Amino acid sequence: MKHYLWDTDLVAKYFGLRNGMLGEDYSTKLSAHLAHGCISPRRIYHEIRRYEQERTANKSTYWVVFELAWRDFFRFFTLKHGNRIFQAGGTVRAAGAWRRDADALRRWKEGRTGWPLVDANMRELASTGFMSNRGRQNVASILALDFGLDWRAGADHFESLLVDYDVSSNWGNWVAAAGLTGGRVNKFNVVKQGFDYDPDGEYVRTWIQELRNVEGSTALEPWVLSAAERRKLGTEDYPERLQAGRGGQAAARGRGAKRARGWG
Ligand SMILES: Cc1cc2nc3c(=O)[nH]c(=O)nc-3n(C[C@H](O)[C@H](O)[C@H](O)COP(=O)(O)OP(=O)(O)OC[C@H]3O[C@@H](n4cnc5c(N)ncnc54)[C@H](O)[C@@H]3O)c2cc1C
């Protein structure tokens with residue numbers, strides 16, 4: 001917290017950086033400390049208030065507190081809904097079967113779906129135990145809403161790897177990502193998200209060795225390369241795209257959930 005607030009003033013830049021995926025500075029990185037009880041949200045809140053009085057108060061300082069409120073929200077959400085946050089139909093008890101496909105699930109876990117933004121994030125998770133919020137939203141969306149796989153397998157995988165694993169934040173965000181809370185459903189276009197948040201393909205190249213020689217945004221859509229270009233750039237080991245499945249969408253539309261284009 002000393003680093004993020006007082007040494008670097010990054011807290012005053014959070015709003016513009018928060019959708020990043022690469023490096024230390026795009027977000028607070030306080031989640032693991034919170035999850036393990038090393039620091040309390042109240043302590044962070046009061047320190048930000050002090051920072052606002054002594055240095056600056058702006059949209060960014062406001063927004064970090066707003067994110068902490070999401071953490072609180074999922075705690076109350078868990079208190080309210082209990083074990084339903086772990087159930088296939090979510091808190092709305094939606095009917096509809098999720099698809100079971102062991103090979104597709106394995107490819108998602110290993111970061112070999114052929115969708116670069118997703119694969120880069122899954123490889124980062126496997127290597128470090130961390131993934132940005134932008135990444136988490138995208139990998140959860142594709143698993144549940146495009147592949148139609150049981151979202152609980154995704155939540156379980158996150159539970160086994162995240163350094164900041166927290167029951168309410170993980171399962172609450174997952175059940176929401178699967179569209180099973182009655183709120184709007186955020187189905188992300190993972191290619192567009194790549195162009196929006198990794199426009200030069202730098203993040204993707206950092207985590208996907210097979211794409212390291214692919215310049216610029218082409219790394220976000222390697223399928224546009226010809227066979228000869230693939231050979232020349234050494235991308236032949238990168239898999240073809242895993243295609244959408246069926247099943248999950250039906251469940252996700254249960255009980256009047258609305259679909260939206262996504263949180264930015
Ligand atoms: C599918 C999915 C699973 C997730 N699982 C977890 C988890 O197990 N543990 C966890 O701490 N967070 C989880 N999150 C929320 C969020 O992605 C992380 O808290 C955040 O990326 C951690 O990085 P940071 O500390 O730099 O966050 P910052 O962006 O700096 O945010 C500051 C703090 O606000 C809280 N926060 C921010 N966004 C959320 C959110 N959407 N829900 C709840 N709290 C939030 C966290 O405590 C975070 O440390 C999950 C999100 C998704 C979409």
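**Figure 1. Overall dimensions of the predicted chain.** A compact globule of 264 residues would have a radius of gyration near 18 Å, and the chain, at 19 Å, agrees with this; the radius is taken over C-alpha atoms, and the globule rule is 2.2 Å times the number of residues to the power 0.38. Along the principal axes, the C-alpha atoms fill a box of roughly 60 × 45 × 30 Å. This is a predicted model, in which local features need pLDDT of at least 70 and side-chain atom pairs count only at pLDDT 80 or more, while totals for chains, interfaces and linings use all residues. Residues are numbered from 1 along each chain as its sequence is written, and side-chain values use heavy atoms, with hydrogens and water left out.

**Figure 2. Secondary structure and contacts of the chain.** The chain contains 14 helices and two strands, defined as DSSP runs numbered from the N terminus (helices: H or I, at least four residues; strands: E, at least two). Of the contacts (heavy atoms within 4.5 Å) with a separation of 6 or more, 70% join residues 24 or more positions apart.

**Figure 3. Burial in the chain and at Ser141.** Buried residues account for 48% of the 264 residues, where buried means under 20% relative accessible area (1.4 Å probe, protein chains only). Ser141, in helix H8 (residues 133–146), has a relative accessible area of 1% and is therefore buried. Not counting residues up to four places away in sequence, Ser141 touches Asp146, Asn186, Lys187 and Phe188.

Conventions
Buried < 20%, exposed > 50% of the residue type's maximum accessible area, 1.4 Å probe, protein only.
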